[in-house]
Structures are given as structure tokens and as C-alpha cells.
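Morning, everyone. Please have the sequence and the model open. I'll talk about salt bridges today.

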Amino acid sequence: MTKPSLPELLHAAVTAVGGTERPGQAAMAEAVAAAVDDNSHLLVQAGTGTGKSLGYLVPALAHGERVVVATATLALQRQLVERDLPRTVDALHPLLRRRPQFAMLKGRSNYLCLHRLHEGVPQEEEEGLFDQFEAAAPSSKLGQDLLRLRDWSDETESGDRDDLTPGVSDRAWAQVSVSSRECLGAGKCAYGAECFAELARERAKLADVVVTNHALLAIDAIEGAPVLPQHEVLIVDEAHELVSRVTGVATGELTPGQVNRAVRRAAKLVNEKAADALQTASEGFERVMELALPGRLEEVPEDLGYALLALRDAARTVISALGTTRDKSVQDEDAVRKQALASVETIHGVAERITQGSEYDVVWYERHDRFGASLRVAPLSVSGLLREKLFTERSVVLTSATLKLGGDFNGVGASLGLAPEGTAGDDMPQWKGLDVGSPFDYPKQGILYVARHLATPGRDSSRTDMLDELAELVEAAGGRTLGLFSSMRAAQAAAEELRGRLDKPILLQGEETLGELIKNFAADPGTCLFGTLSLWQGVDVPGASCQLVVMDRIPFPRPDDPLMSARQKAVEEAGGNGFMAVAATHAALLMAQGAGRLVRATGDKGVVAVLDPRLANARYGSYLRASLPDFWYTTDRNQARRSLAAIDAAAKADGK
């Protein structure tokens, strides 16, 4: 039997999921197949509606080697495992004459821990463990969540937190889960043979396609202990998120509360001298942190340096002592010891990292109203790490609706550790960029309106002219507005102002769960939804409920953001343009994601309104506009209002 062609396979898969074949999807599939076949790398921008999941799944399944697919969001992970992969495998089975297996793999703390569930949680003030089910009042929210978890443990096959609906609070989940550092290990644990996390890893070892997330991919790359099974092809979906997720995993944090917990956990398990030294070091660190002011520490101050050295040395002593001392009064000593060890090792690791003072790290203080001060350390750049760990062993395909910024892929490529496209060299990964476009007719379906007449937003200005403009646009649109704001304070101020002015329901992020807000926004076309960062990327509302997307200002990073400002300064010191490489790239990615909320289907029409004149007037405005979908562009406020009123009238005439 002749081997089926890629177009045949793609046709079968698209038919099976009830989709429509699109030229961009076919072009993407051919490019992915070529990259996988010659073991090269590909960055592919595929606009909303292209069907990019099948654009990479079909050639990957046809290739026959093991593939890891890493996504940023839970929603896409679930879509792949519950919808796209089962249907695609069924459709390709007769043509490939084999049935590829697939599995989902997450970090250990996403799975129910049977040891924690049955044996209890290590108690910090007393010896041994306590039964969290008895400790929580059955009538309390925590008690009810824990009872539901116990019942669920008898019926779940996966133990995956995301399979529990409705979900439970983070506090309840923490009582029945462990991190990889706290885990006893399958060999030592009485429940090792039934462990949900171990079963997930076993399934992944047998699968042809392993679906995971960016965070686990980062842990696999950074920590050197392989979490993912060996694979020949890596596909990174939502790749615009990868750098921030990897940075998050590579960031260390120390807080006085965290150090105190470690002291309490270790106190009963080591000799008095070691415990006292850690207690003393903890108190010294707490005193320094009481005076901490938010901001970057270009050099570690002397008092902080002494406190960290004391913490590091005391933690090292405790780690050694934990391995030898045995306290006969402690119940289930292995579990208690493992949790204590994990806490103290984290403190030792972060304290040592900061005291070593690498030029490649950024150190800063943060202060939260609720949690107090924290000390953080993050890599100045993750590009070298990604180049070394991601692109050396396998073919990598990175895809997203937003990878091409300012007209090319080089900005995103540089953040991933890649030299400009087409650059040759022995140690430089070779890659290609491909934009397969979008099935949408952006110039006919959308308008980009920039409010050029408004005052330039300052850091602390009240922006009454912006609120007036916003009210007029929302009125013209008949509601139907997604408001994307650069800060929670701005979103709250706008919601408060418009609730007083307009007879339209205004939903505000934080007043209800995100899922509930989006559901209510989609259900009522007259409603508006205002919020911040997670709305810029997480809202998929096709149709008449979202016909106006407003951005209050260009979302540059805050000038006092320690990590972003350090990265900008490093680019400038190397002779580059720090503002364009860091701040403008950050803003372009977010604006492209935000503008992408408007047109989600072929019948959608509307306006993206940017209430920041710099998009029209500043030199970098053309770079940012080139990163957005190719909407019809205007700075005429009357034109914007007339268009919105006409779109609203047409929707009402259709009964929407």
C-alpha cells in the first residue's frame, strides 16, 4: 500500500473534527513536515481561525516519531487531549494503518497524592502528621472541599486536579498534593504502586504524543533531571508565552514567612544547635526584610548579604543534620523529613544564588500589602538557556497567532536565543519563519481607531478625556465592549465612572471568576467586560457580544519593573536599542493578543480602539501597528462612532 500524502491525511483529519480546510493550514502542515523531516526549526505564525492544532498534529503523527506538544494554557491542553487528538487519531488510523497513542503530563503537584490523603499532612508545630479531614470543620468551605476530594479519590482514574469539577480552593488542594521535592518517591511510598503522578509518567513513556505545559518543559530544561520522556520533535504552541513561563520557573523567592515555616518543619528533626542556628538566621533575615523598599538591588546591601550568608550556612547545616538525626517521637518520619528537607533546600538554593552574585541574575525587593516583603532573583535573560536546552537535540516547531512583531520574526527569535533568520554558523540553530496568514478579511471586518486627539497618558494622570472618549464609544457600540486596561486601578476607575454614566451592565475582573465573567459577557450583547492582563489573552467570544475592543494605553512594562528595566539596560550596554528590544516588543505582543480578541469568526465585525495618541504620533507607533492585524486604520473619532453605531444597528436587526 502506498504511503498516504499529507494533503490526504489533513483532509481526513479536518473532516473528522468538522472543520473547513484552509490554505494557511495546508501551508503550515507542509512546513512542519519539512522541518521535522530535515531536523530543522520553524517559527510559524498562524492567525486565529487557521486551525493550527491540526496544522501541526497531522504532520507530527504522520512522521511516526515521539512528539511532545507544550502549550501555555489549560484550555488548549484539554482541547488537544479531549477533542482534537481523539478525532484526529481515529481519522488517520485507516490511512496510517497504526493508532498513535497520546497522553497528558503535568507537574507532580497537579495530581492527588494518596499518601497525603490517607496519612495526613506534616504538622509544623507538633511532631508527626495530623489528619486534615478531622482538623477542618465539616461545615467550613475547607472541610467541604476536603470531603469532596476524599470521595473523588475513589472514583477518579487520573487524580488530575483539572478533572475535578467544580474545582476546589488552592488551600484545600495543598492539603492533598505534594511538590516533586516533597514526594517520598514511588519506591519508599506505601502508595507508590497506585500513585497518580507515577501512572501519568508511565502513560507518557508509552505514548506517541505527550501533551504538556510550558512550565514542565522549562523544569525539564532547567533542572537537568528529565521529566519528559525522550522525544524527537518538540512543538511549542502559544509560543509567545514561552519566555515569560521559563523566566517564572527560573525565578527564586525568599520571604520571612517561608523561612519561618522551614524553621518549624526542621526543628524537631535536627539537633538543637542546628535548629537554633537556623532560627537565629531566620530572625536576622526578617529584621532586614522589615526595612526593605521595593526595587532592584544592583548590589546586595551589606546587611542583606550577612543575613543571606547566615541563612545559607545554617540551611546547609540543617540539610546535613536531617540526613542523620532520628526522632523516635515523630510519626511517619520519612514524609515529615522530606517536607522539611524540601523547604530548607529551597532556602539554601536561593540564598546561595543571590550571595554568589551572578552578573546574569537580577535581584530585587517586592512588597505586597497582604504578604509583606519578598526578595526575588531571576535570570537577566533566558535566551542562552533556551538556545542550549531547546534547540540542540531535536526539531522544534514554535507556533502562535502572534510571533511576527514589527513585520518579522527576529524580535521573538532573539528572545528564544536565535540569531536573525538566515544567519549561518556552526553553533547557531538554523530556523525559518513562516506567516500563513489568517482566513479572516481583516481590512473589511475590523477598524483600528487611534484616539490621536487625546492627551498623552502620564503615570498618575486621571485621564478624564480618555474616560469621556470611552463612554462615547461604548454608547455608540450599544455595549458589546471588551475593555483592556494596563492596570487594575485603571480598570476599576473606568468601571466606576461608566456605571455612573451609562445604562449598561459593566462587568469587572475580580468581582467574579474569570470563567463566569466571560460566560455572562458572551450571553448579553449589551454588557461590557473590563479587566487587565489575563483578558488580553484569554477571551474567546465570537459574534455580536464583542464588537468593540478598547485598550486604554500602550501596555509598556512599568518603568519600575526591576526585571524589564534590567533587561533593557543590558541591551543598551551591549550597543542595542533597549527600548525597542524589550519595552516595545513586550507592548507589541500584548497589543497583538488584545486586538486578536475582536475577530474570532468569519462573520465578526467591529472596532479596536486604542485611547493612546502615541500609537499614531510616536516614532515607534508604526512598529506597534505593524504587529497588529491588518485592520482598516483611522484617527477620525466621528468615523469610529458612526461605524460602531452601524455595526450595533445591524446586530440588533439580526436579533443579536
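I'll give the total, then go through some individual pairs.

Keep in mind that this is a predicted model. A search of the whole structure finds 33 salt bridges.

Start with D313 and R316. Their side chains meet in a salt bridge, at 3.8 Å from N to O. Where do D313 and R316 sit? Both are in helix α14, residues 302-322. They are three residues apart, so about one helical turn separates them. D313 is partly exposed, with a relative accessible area of 34%. R316 is partly exposed too, at 38%.

R312, D313, R316 and E352 are linked in a network of salt bridges.

Next, D361 and R353. Their side chains also form a salt bridge, and here the N to O distance is 2.9 Å. Buried or exposed: which is D361? D361 is buried, at 17% relative accessible area. The cut-off for buried is under 20%, so D361 qualifies. R353 counts as partly exposed, with 24% relative accessibility.

Last pair: R637 and E472. The closest N and O atoms of this salt bridge are 3.5 Å apart. R637 lies in helix α27, residues 637-653. E472 lies in helix α19, residues 464-477. How accessible is R637? R637 is partly exposed, at 31% relative accessibility. E472 also comes out at 31%, and counts as partly exposed.

D313 and R316 pair within helix α14.

Conventions:
Residues numbered from 1 in each chain as written. Predicted model: local features only at pLDDT ≥ 70, side-chain atom pairs only at ≥ 80, totals over all residues. Heavy atoms only, no water. Salt bridge = Lys/Arg side-chain N within 4 Å of Asp/Glu carboxyl O. Helix = DSSP H or I, 4+ residues; strand = E, 2+ residues; numbered from the N terminus. Buried < 20%, exposed > 50% of the residue type's maximum accessible area, 1.4 Å probe, protein only.
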